[in-house]
Amino acid sequence: MSGTQIESILTEARTFPVPEEFARQANMDQAQYEALCRQAAENPAEFWGKLARDHLHWDKPFNQVLDDSQAPFYKWFSDGELNVSVNCLDRHLDSPTRNKAAIIWESEQGEVVTLTYAQLHREVSRFAATLQDLGIHLGDRVAIYMPMVPEAVIAMLACARIGAIHTVVFGGFSAEALKDRIEDTQARLLITADGGYRAGKVVPLKHNADQALSRSSHAVEHMIVFQRTGEEVNMQSGRDLWWHDLAAKAQVDCAPLAVNAEHPLLILYTSGSTGKPKGIVHSSGGYLLWSLLTTHWVFDLKPTDVYWCTADIGWITGHSYVVYGPLALGATVFMYEGAPTYPDAGRFWDMIEHHRVNVFYTAPTAIRALMKLGDEWPNRYDLSSLRLLGTVGEPINPEAWMWYYKVIGKERCPIADTWWQTETGGHMISPLPGVTPLKPGSCTRPLPGIFPDIVDEEGEIIQSTEAGGYLVMTRPWPGMLRTVWGDEARYIENYWAKFNNRFYVAGDSAHRDMDGYYWIMGRIDDVLNVSGHRLGTMEIESALVAHPAVAEAAVVGRPHEIKGEAICAFVVLRQSHAGEDMDALAQTLRAHVADAIGPIARPDEIRFTDNLPKTRSGKIMRRLLRAIARGEEITQDTSTLENEETVRQLER
Ligand code: WTA
C-alpha cells in the first residue's frame, strides 16, 4: 500500500478485440450499450422503468420505479405486483417455447432427463399445490437442502408460485449449518432428499437434516423427502413425507399468487468477517429483473442455445444463473448432478460435446483444477459448439484465463469475467461479448445502470481514471439486497456505515486502469475465498473452538494454486491436551471442521501454538498470521502487540 490507495501488482498488457462475427449478432451492440449507459445516467427512473415493463409480466403495473425515501432501504417498483414463477414459466406457454427444453439434466451416472417448459410448469404447479395443502402461505419460509436435481428447481419455483420465501442451503453444508439457517429463518418446512450423488458416493442429506432438526431450537412442521438414492432413511411419522407420495395425491393446478414487487423471493446466507452468516434478502421484482437482464446481456442467450452454468443451486450463482435469469428468458438450461471429474477428468468436456453446449459458465477454481489435469482431456472432445465462456467467484489469474480462452474456447469464444456478489443479485461489472475488448484477469467495465467507483480510506471518490481502493456503488440498482434477514442494523453496518451511508460498500478492493477497466483484488475483510466460495474466518474458528481440545483459534488464508485460497488455522490447545499426538490431533480437528461446516471449510493446515499474536485491545492480528502462513518475512510493526514473543515462536 502506498498512501491510502491500494496498488495493483498485476500488469497485464494483452487485449482481445470483440470478434466481428460476435458483434454482428450480439444481444447488445456498441450503439445500444452507449445509449443504455447514457439513459441510465441521465434518467434512471425512465431507464429502469422501461426495462421492467418490457421484460417482466406484471399482474399489477407499477407507477413508482424507485422509492428512496428510506435509503439505504431502497424499494423498486413497489406499487406493482407480479409472480416470479409466472415470469419463469406460464408466460412461455403461449409461444413455441412451451415445448422447448427448459432443463436438460444429466445424472452423475449419465442418465439424461429433459423437462420442457410445459412439463416444468406442471411439476411446479403440482408441488406448489402440495405446499399449499401443507398450509404454507405467503411469507412463510421454506428451507431447501437438495442435491443438484430438477426437483430442487421445482421446489424453488413452487415456493415462488405461492409467495413462500425459500432459503436454499448448499447440499455440501453440514447439519450444523443447516440448523443455523433453519433457526434464523424460522422455516416452517424443510425440503430435502434421501441423499445425493457426488463422485460416486452418497451424500446423506436426510441423515444430516435429521441431525439438524434434532439440534435445532426451532421445529419445522414437515420435512418433504425426495427419493434420489433409494438408501434406507428414517422417516419420522407425522413430520416426514415422501415427495412422490404427495405428488401422487396433489392437484395438478395451483393458481399463482401475485405478490408485491418488494416481497422477499429468497434468503441466502453468506459469510461476513464477524458473526454468523448473514441472510441476504432478495426481492421478487427487482431481483428477477436484474437476473434476467444480465443473463440476456452478458450471456447473449439465443432461443436455440444450450446454456450451462456449473454452479450448485445452493449458491447465488445457481439462483440467478441456473434458475431465475435463464428460465425467465425461456432458455434451455443444462444441469449436471455430480462432480466435475467423475468418472474421469473429461466429464465436463464430454457433456459439452454430447449436449452441444453453447454458453458455459464456471469458476476459476474449476478452471485451474481442470487445467492442471492436462490439455489432453479437453482435446479429446469436440468443443466446437461453444461460443461464449464465463467465469465467476474470484479473480481469475491471467494464465488460467489464457488457458480457458485457448484450450476450451479455441480463441473463438469471448470470456465474460463477471464480478458480482450474493448481495448484488446479478452481474455488476462484466464484459459484454459484443461490445467489450477483453483483458485477461479484468472484469472490465460496469453494466448499463451500474455505477461503481473507487474510494480511498476517507471515503473520497478517486477522480482519476486510474485508481485503487475500496470498490463501492454510488447508485442503487433493482437487484440489490434489501436487507439482512431479521437484522436491519447489520445491513447498514456491513454495507453502508463505513462511509456514512453514502455508498454501497462491496467489501472488495479494486484497481481501475487507464482504460477504466476494473481489476478486483480480493476481499478487504477477513473473509476467505476458497474455491470461489466465501467463508468467514469466524465460522471456522468457532467450529475449532467448539472442539474440547481447542482453547483458541485463528484462521487465515494463503494462496493456493487450485482453490484460490487455502485455509490455515493457528490453534492454541487447552492445557489438558498439550501432550497429545499432534499429527493425529490435527487430522481430528480438520475432520471436525468439515463435519461442523462442510468439507469445503476443512483447514488445509493446522499449526499449533502456545499463543496467538494480539493487539493490546485483544484483537487477533490476522494480517500478521497471514504473513506467517505465507512464509513471508514479518516487516510489520509488531510493537503494538501484547505478546511480541509469540511472533518469534510462530516464525520458527
Ligand atoms: C469475489 C459470487 C473477482 C469477490 C457471485 C466478491 C470475484 C465475492 C469475481 C462474492 C470476479 C466474485 N472477479 N472476484 N469475477 N466474482 N468475486 O457472494 O471478492 O459468493 O466480493 O458471490 O467473490 O462472492 P459471493
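Predicted model: local features only at pLDDT ≥ 70, side-chain atom pairs only at ≥ 80, totals over all residues.
Visitor: What makes the largest nonpolar core a core, and which residues have the most contacts inside it?

Guide: A nonpolar core is a set of buried Ala, Val, Leu, Ile, Met, Phe, Trp, Tyr and Cys residues joined through side-chain atoms within 4.5 Å, where buried means under 20% relative accessible area, exposed means over 50% and partly exposed lies in between, with a 1.4 Å probe and protein chains only. The largest such core has 164 residues, and Ile191, Tyr324 and Leu544 are those with the most contacts inside it. Helix H6, residues 150-162, gives the most to this core, with 10 residues; helices (H or I, at least four residues) and strands (E, at least two) are DSSP runs, numbered from the N terminus. A second, separate core has 33 residues, including Val357, Ile367, Trp377 and Leu438. In soluble globular proteins, nonpolar side chains tend to be buried together.

Visitor: Which residues is leucine 544 in contact with, leaving aside its neighbours within four places in sequence?

Guide: Contact means heavy atoms within 4.5 Å, and with those neighbours left aside leucine 544 is in contact with Val550, Ala553, Val555, Ala569, Val571, Leu589, His592, Val593 and Ile606.

Visitor: Why is serine 217 called exposed?

Guide: Serine 217 has a relative accessible area of 68%, and exposed is the word for values over 50%, so the name applies. Serine 217 is found in the loop between helix H8 (205-215) and strand E11 (222-226).

Visitor: Why is aspartate 300 called buried?

Guide: The relative accessible area of aspartate 300 is 0%, and because buried means under 20%, aspartate 300 counts as buried. Aspartate 300 sits in the loop between helix H10 (285-298) and strand E16 (306-309), and its phi is near 55°, a positive value in a residue other than glycine.

Visitor: How do you know that threonine 444 is buried?

Guide: Threonine 444 has a relative accessible area of 0%, which is under 20%, and therefore threonine 444 is buried. Although threonine 444 is not a glycine, its phi is positive, at about 65°, and threonine 444 lies in the loop between strand E20 (415-417) and strand E21 (452-455).

Conventions: Residues numbered from 1 in each chain as written. Heavy atoms only, no water.
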